[in-house]
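I am opening this notebook to record what I looked up, entry by entry. The structure comes first, and my notes follow.

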Amino acid sequence: MMNESTPKSVSGESNSVGTSRREVIGAISLLGAAAIAGPACAQMSGDKHGRSGASAGALTAAELGFDSSKGEYAVPALPYAYDALEPDIDAQTMKIHHDKHHAGYVRGLNKALGELANVRTTGDASLIKHWSRELAFHGSGHVNHTLFWMTMAPRNAGGGGKPSGALAQAIEQEFGSFDGFSAQFQAAAKAVEGSGWGWLAHEPVADKLLVMQGEKQQNMLMTGVTPILGVDVWEHAYYLRYQNRRGDYLKAFMNVINWTMVGRLYERARG
Ligand code: MN3
């Protein structure tokens with residue numbers, strides 16, 4: 001099983017051990033974790049500019065949602081306390097969302113990878129469609145939430161306000177103004193049917209910003225764009241405090257966006 005082969009796979013390169021390692025590395029690329037978080041890490045490590053508290057320092061593998069010692073995905077620690085986003089997002093919601101919901105995606109992702117690895121050993125591919133879907137759903141869930149935590153910050157530590165620099169210029173050019181962007185972003189997220197996400201993404205062909213909707217845990221990278229900011233509008237993200245008032249949650253979310261981090265992701269997405 002996955003748990004037995006992966007510790008050796010970190011240093012090994014042959015037989016099923018090497019295959020297991022390639023599986024993990026391939027999955028990172030597939031899911032976009034490297035595209036989203038790895039470059040942000042590399043870029044930040046040499047950053048001489050001021051940073052908000054939530055994004056200070058180079059990101060570790062653990063913060064990026066991968067446990068190198070086990071060769072498995074893991075829930076990254078929150079870069080702030082559970083109650084740090086009060087009053088916009090309450091502590092209980094943050095704790096359940098991070099510790100339970102996100103952990104569920106990580107379990108599902110590691111499970112799917114293990115089952116897909118087993119297919120190569122057993123030759124039984126009868127459930128490969130099922131586990132491929134599980135991989136897409138839970139893997140995207142893991143990446144989406146990892147991005148979500150890192151692009152928020154407490155109000156008194158870099159959260160809220162407006163972007164600056166190249167991102168601010170691009171937003172003004174694309175949406176007319178920051179307020180124009182804010183209105184469209186909130187409207188798109190509010191109108192998601194059922195569970196999903198509102199996104200700000202970079203579209204590389206035209207080099208422009210797009211506001212988009214995502215259903216369930218749909219991985220934005222599959223549509224050819226790079227997400228740089230997402231707001232989770234599954235009910236588990238807001239129901240305890242806001243109940244059915246998704247629009248109020250979205251207004252509050254604007255108060256805790258870490259624009260410094262989003263700006264770095266934007267510049268990284270442009271290459
Ligand atoms: Mn969620």
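**Metal site.** I began with the meaning of a donor, which is an N, O or S atom within 2.8 Å of the metal (3.2 Å for Na, K and Ca), and since water is not among the atoms, sites may look incomplete. The model is a predicted one, in which local features need pLDDT of at least 70 and side-chain atom pairs count only at pLDDT 80 or more, while totals for chains, interfaces and linings use all residues. Residues are numbered from 1 along each chain as its sequence is written, and side-chain values use heavy atoms, with hydrogens and water left out.

Which residues hold the manganese ion as protein donors? I found His97 (NE2), His145 (NE2), Asp232 (OD) and His236 (NE2), lying 1.9 to 2.2 Å from the ion. Along the sequence, I noted the spacing of these donor residues as H-x47-H-x86-D-x3-H. His97 belongs to helix α4 (residues 91–122) and His236 to the loop between β5 and α8 (239–242), so this pair ties together parts that are 139 residues apart in sequence. For the element names I use DSSP runs numbered from the N terminus, helices being H or I with at least four residues and strands being E with at least two.

I then checked burial, where buried means under 20% relative accessible area, exposed over 50%, and partly exposed in between (1.4 Å probe, protein chains only). His97 is buried at a relative accessible area of 1%, and His236 is buried as well, at 18%.

**Thr93.** I also looked at Thr93, which lies in helix α4 and counts as buried at 2% relative accessibility. With contact taken as heavy atoms within 4.5 Å, and not counting residues up to four places away in sequence, Thr93 touches His236, Ala237, Tyr238 and Leu240.

**Whole protein.** I recorded 10 helices and 5 strands in the protein, and buried residues make up 50% of its 271 residues. Among contacts with a separation of 6 or more, 68% are accounted for by residues 24 or more positions apart.

**Helix α7.** This helix covers residues 178–190, which makes 13 residues, and it reaches 18 Å from its first C-alpha to its last, close to the 18 Å expected at 1.5 Å a residue; the expected span is 1.5 Å times one less than the number of residues. Which residues of α7 are buried? I listed Phe178, Phe181, Ser182, Phe185, Gln186, Ala188 and Ala189. Seen down the axis of α7, these buried residues fall within an arc of 160°, so they line one face of the helix; the arc is that of the directions from the helix axis to the C-beta atoms. Asp179 and Lys190, on the other side of α7, are exposed. The cover over the buried residues of α7 includes α6 (165–175), β3 (196–203), β4 (208–215), β5 (226–232), α9 (246–253) and α10 (259–270).

**Helix α6.** Here I found Leu167, Ala170, Ile171 and Phe175 buried. Viewed down the axis of α6, its buried residues fall within an arc of 100°, so they line one face of the helix. The face turned away from that buried side carries the exposed residues Gln169, Glu172 and Gln173, while the buried residues of α6 pack against α7, β3, β4, β5 and α10.

**Cores.** I took a nonpolar core to be a set of buried Ala, Val, Leu, Ile, Met, Phe, Trp, Tyr and Cys residues joined through side-chain atoms within 4.5 Å. The largest has 47 residues, and those with the most contacts inside it are Met152, Phe181, Leu200, Tyr249 and Trp259. A second, separate core of 9 residues includes Tyr73, Leu109, Ala112 and Trp131.

**Backbone notes.** Most residues other than glycine have a negative phi, and most peptide bonds are trans. I noted a cis peptide bond joining Glu86 and Pro87, with omega about 0°, and Pro87 sits in the loop between β2 (72–73) and α4. Lys216, in the loop between β4 and β5, has a positive phi near 50° and is exposed at a relative accessible area of 53%. Gln243, in the loop between α8 and α9, has a positive phi of about 45° and counts as partly exposed at 30% relative accessibility.
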